[in-house]
Amino acid sequence: MLALYGLKNCSTCRTASQDLKGAGMDVTFVDVRESRLDPGTIERLLQAFGDALVNRRSTTWRNLTDSERQGATADLIARYPSLMKRPVIVDGEMVTLGWDAAVRRRHLGE
């Protein structure tokens with residue numbers, strides 16, 4: 001089973017979910033606002049993507065104070081899940097970030 005972490009109102013997350021389901025994949029969608037990520041999952045994602053996991057162009061990021069931005073990345077994502085770039089797709093050992101052509105090829109073989 002494949003897990004797609006994102007936000008239900010994110011158009012990229014919806015597109016990725018539809019594309020994956022359209023390819024016959026069993027997708028479990030996890031809205032990170034409704035189902036907060038556990039510390040172990042956050043650590044796994046940080047090991048995979050490092051600071052690239054944080055969306056520094058988001059409204060949430062822009063609304064943080066300078067001192068909040070200096071916090072540990074894991075703490076920021078736990079506190080403000082919408083800071084996470086999305087979608088994050090976990091398919092066994094394969095973990096990908098975003099939904100660009102390269103990620104689509106990895107998951108769909110396009």
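Predicted model: local features only at pLDDT ≥ 70, side-chain atom pairs only at ≥ 80, totals over all residues.
Because R69 and D66 are three residues apart in helix 4 (residues 66–69), about one helical turn separates them. Colour the pair by accessibility next: R69 counts as partly exposed at 25% relative accessibility, whereas D66 is exposed, with a relative accessible area of 57%.

The structure holds two salt bridges. For the other, select E34 and K8, whose side chains meet at 2.6 Å, N to O. This pair links distant parts of the chain, 26 residues apart. E34 lies in the loop between strand 2 and helix 2, and K8 lies in the loop between strand 1 and helix 1. Both E34 and K8 are exposed.

How many disulfides does the structure hold? The count is zero. In general terms, a disulfide is a covalent bond between the sulfur atoms of two cysteines. Here the sulfur of C10 has its closest cysteine sulfur in C13, at 3.4 Å, which is too far for a bond. The cut-off applied to a pair of cysteine sulfur atoms is 2.5 Å. As for accessibility, C10 is buried, with a relative accessible area of 13%, and C13 counts as buried at 0%.

Switch to a cartoon view of the whole chain. The protein has six helices and four strands, and from the N terminus on the elements run β-α-β-α-α-α-α-β-β-α. The radius of gyration is 14 Å, close to the 13 Å that the globule rule gives for 110 residues, so the protein is as compact as a globular protein of that length. Taken along the principal axes, the C-alpha atoms fill a box of roughly 45 × 25 × 25 Å.

Of the 110 residues, 42% are buried.

The largest nonpolar core has 32 residues. To find the residues with the most contacts inside this core, select Y5, L37, L45, L53, M84 and V88. Several elements give two or more residues to the core: strand 1 (2–6), helix 1 (11–22), strand 2 (27–31), helix 2 (39–49), helix 5 (73–79) and strand 3 (88–91).

Within that selection, centre the view on L45. Which residues are in contact with L45, leaving aside its neighbours within four places in sequence? The list comprises L37, G50, L53, M84, V88, V90 and V95.

The last stop is T73, in helix 5. Is T73 buried or exposed? At 16% relative accessibility, T73 counts as buried. Display the residues around T73 and set aside those up to four places away in sequence: T73 touches L46, D51 and V54.

Note on methods: Residues numbered from 1 in each chain as written. Heavy atoms only, no water. Core = buried A, V, L, I, M, F, W, Y, C linked by side-chain atoms within 4.5 Å. Buried < 20%, exposed > 50% of the residue type's maximum accessible area, 1.4 Å probe, protein only. Contact = heavy atoms within 4.5 Å. Salt bridge = Lys/Arg side-chain N within 4 Å of Asp/Glu carboxyl O. Rg over C-alpha atoms; globule rule 2.2 N^0.38 Å.
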